[in-house]
Every structure is written in structure tokens, then in C-alpha cells.
Amino acid sequence: MLLAKTGVPAASDLAKVIPSEERLKKGAVAIIECFQSIPCNPCQFACPRGAIKEFADINDIPKIDFDLCDGCGTCISKCPGLAIFVVDATYGAEEALVKIPYEFLPLPAKGDRVAGLNREGKEVCEAEVVRVQSAKGLDKTPIIWLSVPKDYMMEVRHIRLKGGAVS
Ligand code: SF4
Ligand code: SF4
């Protein structure tokens, strides 16, 4: 299984966690890319809207009710596995908004053009940083908001700063 060998989820894994086209057209929504049964559960307590369902067991894989989620992103910084992202396909005509957790320094700044990397760390497009959230309440996990060409909104999950910093 690709995921177990490389840590990179296969298309079949992703198909289980990506919202429907219909839901994506309604606005921002969280995508929880957590596929392995591990003893971890902070995400279930993170959502103010109750969109992440209660676990029966700490080893459960998280389940989300996309209809309750409004894509606020609160859960992103609560996940120690950096496995939660938000995608807003309604952000612009050509671009989608992708919110990612980012625990590297230096942080990018609003307006920076950065390389958008896929889950394997390969550059797939250029992205623009539109906001950096790094408040104390975020558990030391800043959240970077990226404007990404829509074709890549389900691929970009990390960034590399231009000018040499490898992250
Ligand atoms: S993005 Fe916000 S509403 Fe959606 S699951 Fe996370 S905390 Fe809940
Ligand atoms: S907090 Fe993150 S790593 Fe832990 S179960 Fe939830 S999504 Fe998975």
C-alpha cells in the first residue's frame, strides 16, 4: 500500500476524504488527510461547530460532516500530524484558497510568491501567500493562506519559499 510505504496517500485514500464537487461549490471546507489508525484525537475537540465527529476510540480515523464545516480552519493548528487543510474553491474565478499548517521558519509574508508543493514534495505550481496566521492561540502551528490555481487546489499541501529556503 502506497501510504504505508511512503507516507504519501494514494488516490483511493484521498477519494475517501475529499468533499463532493457539489459541496466544494458551496465554499470553504476542511479536508482531513489522516488515514492511519493511531492513538491521536485532538481534532475531535477542535471544531466549534461539531463538524468533526466524536471518536468511539482514540485510534479512530477522524470523520467530518462537510455540511457542518464552514472552513474556519480552527482545527488545522490543533492537529499534531499536520494532516488538516482547508480548501475554498469559490475564492476566485481562476484561483482557490488553500490553508495549510506550516511549522518552518522563516515564515512567508503576505504577498510572497512561493512554490506550491504536492504531497510528495514536488513543485506543481506557483502560489501567492494571502495571509499568515501565527497567533499564540494556534499551538505554535501557523496557518498559511495560499491563492492557488484551481487545477492544483487538491494537490498543493506544502510550500517552498523562493530565494533558497527549503522547507
Ligand atoms: S474548518 Fe472549522 S468548521 Fe471545519 S472542521 Fe475545522 S474547525 Fe470545524
Ligand atoms: S489530530 Fe490530526 S493526526 Fe490526530 S487523529 Fe486528528 S487529524 Fe489525525
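The model is predicted.

I will start with ligand 1. Ligand 1 sits in the largest cavity. Around this ligand there are 14 residues, and the closest are Cys47, Cys69, Cys72, Gly73 and Cys75. If you sort that shell by class, you get 9 nonpolar, 3 polar and 2 charged residues.

Now the cavity itself. How many cavities of 30 Å³ or more are there? The count is 1. The largest cavity holds about 70 Å³ of space. Its lining is made of 14 residues, and nearest the centre are Ala30, Cys47, Cys69, Cys72 and Cys75. Please keep the lining of the cavity apart from the shell of the ligand when you read the class counts. For the lining of the largest cavity, the classes are 10 nonpolar, 2 polar and 2 charged. For the shell around ligand 1, as I said, they are 9 nonpolar, 3 polar and 2 charged.

The largest pocket has a volume of about 600 Å³. Its lining comprises 33 residues, and those that lie nearest the centre of the pocket are Glu33, Gly81, Leu82, Ala83 and Phe85. The lining of the largest pocket splits into 21 nonpolar, 7 polar and 5 charged residues. So much for the ligand sites.

There is also a second largest pocket, with about 240 Å³ of space. Among the residues that line this pocket are Asp13, Lys16, Val17, Ile32, Cys34 and Pro62. The lining of the second largest pocket divides into 8 nonpolar and 4 charged residues, with no polar ones.

On to the sheet. In what order do the strands of the sheet run? There are 7 strands in an open sheet, in the order S1-S2-S3-S6-S5-S4-S7, and the pairing is antiparallel. Strand S1, residues 29-32, and strand S7, residues 158-161, are at the edges; each has a single partner strand, so one side of each has no neighbour in the sheet. From one strand to the next, the twist averages 35°.

Take one pair as an example. Strand S2, residues 84-88, pairs with strand S3, residues 95-101, in the antiparallel sense over 3 bridges. In this pair, aspartate 88 stands opposite leucine 97 in S3.

Last, two backbone details. Some background first: most residues other than glycine have a negative phi, and most peptide bonds are trans.

What kind of peptide bond joins leucine 105 and proline 106? That bond is cis, with omega about 0°. Proline 106 is in the loop between S3 and strand S4, residues 113-117.

The other detail is leucine 82. Its phi is near 50°, which is positive, in a residue other than glycine. Leucine 82 is found in the loop between helix H4, residues 43-46, and S2.

Terms used
Residues are numbered from 1 along each chain as its sequence is written. Chains are lettered from A and ligands numbered from 1 in the order in which they are written. This is a predicted model: local features need pLDDT of at least 70, side-chain atom pairs count only at pLDDT 80 or more; totals for chains, interfaces and linings use all residues. Side-chain values use heavy atoms; hydrogens and water are left out. A residue is near a molecule or strand if one of its heavy atoms lies within 4 Å of it. On a 1 Å grid over the protein atoms alone, a cavity is a set of points where a 1.4 Å probe fits but cannot get out, and a pocket is an open set with protein on both sides within 12 Å along at least five of seven lines; lining residues have an atom within 4 Å of a point. A molecule sits in a cavity or pocket if more than half of its atoms lie within 2 Å of its grid points. Ala, Val, Leu, Ile, Met, Phe, Trp, Tyr, Cys and Pro count as nonpolar, Asp, Glu, Lys and Arg as charged, and the others, Gly among them, as polar. Grid points are joined across faces, edges and corners, and a volume is the space filled by probe spheres set on the points. Two strands pair if DSSP finds at least two bridges between them. Helices (H or I, at least four residues) and strands (E, at least two) are DSSP runs, numbered from the N terminus. Axes are lines fitted to C-alpha atoms, for helices over the stretch in contact, and angles run from 0 to 180 degrees between N-to-C directions.
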